[in-house]
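The sequence and the coordinates should be kept in view while reading.

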Amino acid sequence: MTVIVVGAGINGVVAAIELKKRGHTVRLLDPGPLPQPLAASTDISKAVRAGYGPDEDYTELAERSIELWRKWNRQFGLELYHETGVLFLRRGQMQPGDFEYESRRIFEKRQHRFEVIDSKRLAERFPAFNAQLFQDNLFDPDAGYAESGRVVSVLVEQAKANGVELLEGTKFARLKDDGIRVKGIVSSDDQVLNGDAVVMTIGAWTPYLLPFTVKSLRATGHPVFHLKPTQPELFRADRFPFFGADISTTGYYGFPLNQGVVKIANHGAGREMSPDSPDRVVTQEQEHALREFLRSAIPSLVDAPIVYSRICMYCDTPDGDFWIAPDPDRPGLIVATGDSGHGFKFAPILGELIADAVEQKSNRFSHKFRWRPEVKAGETKEAARFQGDL
C-alpha cells in the first residue's frame with residue numbers, strides 16, 4: 001500500500017517510520033523547513049510525564065513511552081530525553097478530585113514510584129520555589145523533558161534512512177477523491193500525489209485545511225517564555241526539575257536550565273487562532289500574568305529578562321483526547337491530530353497507534369481516540385484548560 005503522510009511534525013514522522021517498518025511505501029510531505037518553526041513540534045523542550053490525574057489510560061501510555069524514550073537515547077547515542085523528574089506543586093493539601101491527588105492514587109495503584117514533599121523538604125531540595133506557598137507536593141522521578149526540535153530532526157533523518165520518501169517543500173492544497181474515496185492529494189503547485197491512503201498529521205492546521213473537521217477540532221495558541229536567570233545555579237535540573245505549579249488552577253509549568261534559559265509556559269484555555277495568524281504573538285497581558293505568577297511562585301525569576309517568546313499551537317478536541325482515526329465519510333483518509341497540548345511525550349508509541357488506524361487494526365485505545373463528532377466540549381485533563389485563573 002502507498003501511504004501519503006501530510007505533515008512532518010512529530011505525528012507525521014513517527015507515523016511514516018512505523019508505516020515503512022510495516023512494509024508500506026511511504027511519502028512524507030511538508031512545506032518545510034524541518035523542524036517547521038510554526039509547528040507545535042519545535043522549541044527546546046516538551047514535557048514527558050505519567051501523571052494524568054484519574055485517567056489511567058494516559059498513565060499507562062506514558063509509562064510505555066518513557067521506556068521507549070530511554071531506548072531512543074541508547075539507539076541514537078544522544079540524550080534526547082532528559083529524566084529530571086517532575087514536581088507537581090500544590091498550594092494547599094491534596095484533596096480527592098485534584099489533579100495531584102488523583103495522579104498519586106493512580107501511581108499507588110500501578111506501583112509507580114513517587115515522593116510526597118512538604119514545604120521543609122521543598123526548601124531544602126528545590127530552593128527556587130516559594131516553599132511557604134507550596135505545602136503538599138508530588139514528585140515523580142520517572143519523568144522529564146524531550147528536546148523536541150532536536151527529536152524531530154533526528155527522526156526525519158531516521159525516516160529517510162529507512163526508505164521514507166521525504167518531499168520537503170511540498171505544500172498540501174486539497175484532497176484528491178473520486179467521489180467514493182480519497183485517492184491522494186493535490187499540492188499548492190498542482191502536483192498530484194496518488195496513494196491508497198492519506199494520513200493528515202497537520203496539527204493546528206487541521207480545522208483550516210480540512211474545514212469539515214471544524215466542529216470537532218479547534219486551534220488555540222498558548223504563551224511560551226524563555227527567561228535568562230541571574231542565578232543559574234538555582235535552576236540546574238537537580239535543583240529545579242520539570243514542574244507544574246498548581247496546574248489545575250494556574251496552568252503554569254516549566255523546565256530546568258537548558259541552553260542557558262528557563263522555559264515557562266501556560267497550559268490554559270489559550271486563544272483560538274490560525275497557526276498563520278498575524279495575532280500569533282505573546283501579549284503584554286500574558287507577560288504581566290507570567291510576572292505575577294513568578295512573583296509568588298519563583299521569586300528569583302520575577303525580574304529575569306525574557307530573551308524569547310512564542311505562541312505554541314494546540315489542536316484541541318472537545319474532550320482533550322487524541323483524534324487518531326479513519327474518516328467514516330471519506331474512505332482512504334486518516335486524521336491523526338488532537339494533541340490538545342499533551343501529545344509530544346507519546347512520540348515513541350504514536351506511530352503504532354496511527355499505523356493501526358491506517359491498517360484498520362483495533363487496539364486498546366482505538367475507541368478512546370475514535371472519530372467522535374458526537375462528543376461535546378467539556379473539561380479536559382487539566383481543569384486549567386477551561387476554568388483556570390490565567
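A residue is called buried when its relative accessible area is under 20%, exposed when that area is over 50%, and partly exposed in between. The model discussed here is predicted. By this rule glutamine 111 is exposed, because its relative accessible area is 76%. Glutamine 111 belongs to the loop between α3 (99–110) and β6 (115–118), and its phi is positive, about 55°, although it is not a glycine.

Most residues other than glycine have a negative phi, and most peptide bonds are trans. Against that background, aspartate 246 also deserves attention: its phi is positive, about 50°, although it is not a glycine. Aspartate 246 is placed in the loop between β15 and β16. Is aspartate 246 buried or exposed? With a relative accessible area of 5%, aspartate 246 is buried. Two peptide bonds are cis: the one from glycine 32 to proline 33, with omega near -5°, and the one from leucine 34 to proline 35, with omega near -5°. Proline 33 is located in the loop between β2 (25–30) and β3 (46–48), and proline 35 is in the loop between β2 and β3.

The interior comes next. In soluble globular proteins, nonpolar side chains tend to be buried together. Here the largest nonpolar core comprises 68 residues, and those with the most contacts inside it include Trp69, Val151, Leu155 and Phe346. Helix α8 (residues 347–358) contributes the most to this core, namely 8 residues.

Not counting residues up to four places away in sequence, tryptophan 69 touches Val48, Tyr81, Ala146, Val151, Phe344, Lys345, Ala347 and Pro348. Lysine 345 counts as buried because its relative accessibility is 4%. Beyond its neighbours within four places in sequence, lysine 345 is in contact with Ala47, Val48, Arg49, Tyr52, Ser65 and Trp69. The C-alpha atoms of lysine 345 and alanine 50 are separated by 9.2 Å, while the two residues are 295 residues apart along the chain.

Aromatic rings form a further theme. A pair of aromatic rings is described by the distance of the centres and the angle of the planes. The count comes to 24 aromatic pairs. The ring centres of tryptophan 69 and tyrosine 81 are 6.2 Å apart and the planes lie at 35°, so this pair is tilted. The pair joins distant parts of the chain, with tryptophan 69 in helix α2 (residues 56–76) and tyrosine 81 in strand β4 (residues 81–82), 12 residues apart. Both tryptophan 69 and tyrosine 81 are buried. Phenylalanine 129 and phenylalanine 243 form an edge-to-face pair, with 5.2 Å from centre to centre and 70° between the planes. This pair links the loop between α4 (119–125) and β7 (136–140), where phenylalanine 129 lies, to strand β15 (residues 242–245), which holds phenylalanine 243, 114 residues apart. Phenylalanine 129 and phenylalanine 243 are both buried.

Ring pairs also join Tyr52, Tyr58, Phe322, Phe346, Phe365 and Phe369 into a cluster. Over the ring of tyrosine 52 sits the charged end of arginine 49, 4.3 Å from the ring centre. Likewise, arginine 125 lies over the face of phenylalanine 139, at 5.3 Å from the ring centre.

The last stop is a pocket. The second largest pocket has a volume of about 400 Å³. Which residues lie nearest its centre? Of the 17 residues that line the second largest pocket, Ile17, Glu18, Lys21, Trp72 and Pro348 lie nearest its centre. The elements that give two or more residues to this lining are α1 (10–21), α2, α5 (148–161) and α8. Isoleucine 17 lies in helix α1 and is buried, because its relative accessible area is 17%. Leaving aside neighbours within four places in sequence, isoleucine 17 is in contact with Leu155, Gln158, Ala159, Asn162 and Val164. From C-alpha to C-alpha, isoleucine 17 and leucine 28 are 9.8 Å apart in space, and they are 11 residues apart in sequence.

Definitions and conventions
Residues numbered from 1 in each chain as written. Predicted model: local features only at pLDDT ≥ 70, side-chain atom pairs only at ≥ 80, totals over all residues. Heavy atoms only, no water. Core = buried A, V, L, I, M, F, W, Y, C linked by side-chain atoms within 4.5 Å. Buried < 20%, exposed > 50% of the residue type's maximum accessible area, 1.4 Å probe, protein only. Helix = DSSP H or I, 4+ residues; strand = E, 2+ residues; numbered from the N terminus. Contact = heavy atoms within 4.5 Å. Phe/Tyr/Trp six-rings, centres within 6.5 Å; stacked < 30°, edge-to-face > 60°. Lys NZ or Arg CZ within 6 Å of the ring centre and 35° of its normal. 1 Å grid on protein atoms, 1.4 Å probe; cavity = no way out; pocket = protein on both sides within 12 Å on 5 of 7 lines; lining within 4 Å. Points joined across faces, edges and corners; volume = space filled by probe spheres on them.
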